[in-house]
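Take a look at the model below and get ready to trace a few of its strands and a helix.

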Amino acid sequence: MAEYPKNLKYTKEHEWARKEGKSVVVGITSHAQEELGDVVYVELPKIGSSITAGVPFGVIESTKAVSELFAPISGKVVKVNESLTGSPQTVNEDPYQAGWLIEVEPSDPRQVDQLMDASAYEKLVQAKAE
Amino acid sequence: MKPRQTPLYDAHRKLGARMVDFAGWEMPVQYTSVIAEHEAVRGAAGLFDVSHMGEVEFTGKGALESANRLLSNDLSRCADGQAVYSGLLNERGGFVDDVVAYRFSPERILICINASNRDKDFAWMSERVVGVKPVNRSDDFAQLALQGPRASAILQRLTPADLSPIRNYHFSEGTVAGIPCIVSRTGYTGEDGFELYCSPEKAEALWLALLEEGEGEGLRPAGLGARDSLRTEMKYALYGNDIDDDHTPLEAGLGWIVKLDKGDFIGRAALERQKSEGVGRKLVGFELTGAGVPRHGYPIVSGEKRVGEVTSGTFGPSVKKPIGMGYVPTGLASEGLNFAVEIRGRPVEAKVVKTPFLKKH
């Protein structure tokens, strides 16, 4: 698996978004989980709640720190990854698949296309490292 | 101010450690994963660089008496070769620092102090001491902590000395991998283990020898992240978080390090008074029964009222629960009682539990 899969879109706050039919699945990137360290708690919104692009929708906590999760797009939460309650470390182990966070019904389906692609995101991560 | 580096700085960088500023020192917080390092210490062994800690020495006739007047615990009840955990207290009975004092002989006492308090403690001791003047030896020692159930087997293969007579909180002088060390059976993890004091020039050689010797048994380098979760599971206090100048050993549940009958020491009068009047607040260990992780500084609430503050909190990798400590009014400090921790504005249920959080394993 590539570190930044080509089929995903990315934010500068290190979330990814993936179109799945009419909805968009959201998670954090492999770079983000590495920076956080061992994830021990994830606080996600309720199904049916609204999220707004660029605004925090939840919280992720590692052994070391508390970080906010930023919404890549606006919309309504239709699913949350309940399995993370019992095994938050899935976010570290498999950030792009089993470690997804929420599924959103976008208010504007085009919003996701305006996010960064994999190569733009990779450049951002590299620039930060230098 | 630029953070200081220990003699092992390059070794940490070579291992790919993530470095953080801790008490003015650039220290490894983790090498790979806090949880993996924590588990290595509980299940096999971990090696920590704790060279940022300071050391103050009293030597000469009357050294024991001079040091003892500054400490709440009693060095006169120790044998030579014994170490003791103690408070270094102010006149109000509050902690200037919490320390480990090593009795080599009545004429030689070495006190290990916290990195964050190196200058403060030395100034405090120098000003208050009667008799033998303390010497700041902090730059003369590096310190490594080898901790975990495999620690003694690993160390034994590197030293000609027999480690088995060195009981918990005892120490001896010897060589490890040919390097002269103070070998002390002490630690901050709740596991069996040793703290090794050596000259800074030899620290990297000692570090590498230990890592190599223990590799096959699961020894791994461990950072401050694991050190913090390990000590929290034992309810060991961290200076600046759980204890400070405004909190006394009696409030912190550390009455056993106060020997009121040993003769005069700084803080005794205040503690005698507090003991007879009873303490108004106590440091308790609690488990979060609701969802979340308690963190230093979060309010503790009972009903609508703010009654205290979380002093330390984490997700305990071995107890597998969110745990923490904090000062609460004595009426709320009994095992089984409930209060709430306010996390991002919401009260989350918590319950006072027996400590250490980690049961004998």
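Two strands pair if DSSP finds at least two bridges between them. Helices (H or I, at least four residues) and strands (E, at least two) are DSSP runs, numbered from the N terminus. This is a predicted model, where local features need pLDDT of at least 70, side-chain atom pairs count only at pLDDT 80 or more, and totals for chains, interfaces and linings use all residues. Residues are numbered from 1 along each chain as its sequence is written, while chains are lettered from A and ligands numbered from 1 in the order in which they are written.

Now find strand E19 (residues 338-343) of chain B. Six bridges tie E19(B) to strand E20 (residues 346-352) of chain B, and the two run antiparallel. Across that pairing, B:Ala340 has B:Glu349 as its bridge partner. Two residues sit between the strands of this hairpin, and B:Arg344 takes a positive phi near 45°. E19(B) also has two bridges to strand E16 (residues 299-302) of chain B, again antiparallel, with B:Ile300 opposite B:Val341.

Over in chain A, you'll find four helices and nine strands, and 43% of its 130 residues count as buried.

Terms used. Buried ≥ 20, exposed ≤ 12 C-beta atoms within 10 Å, placed from the backbone.
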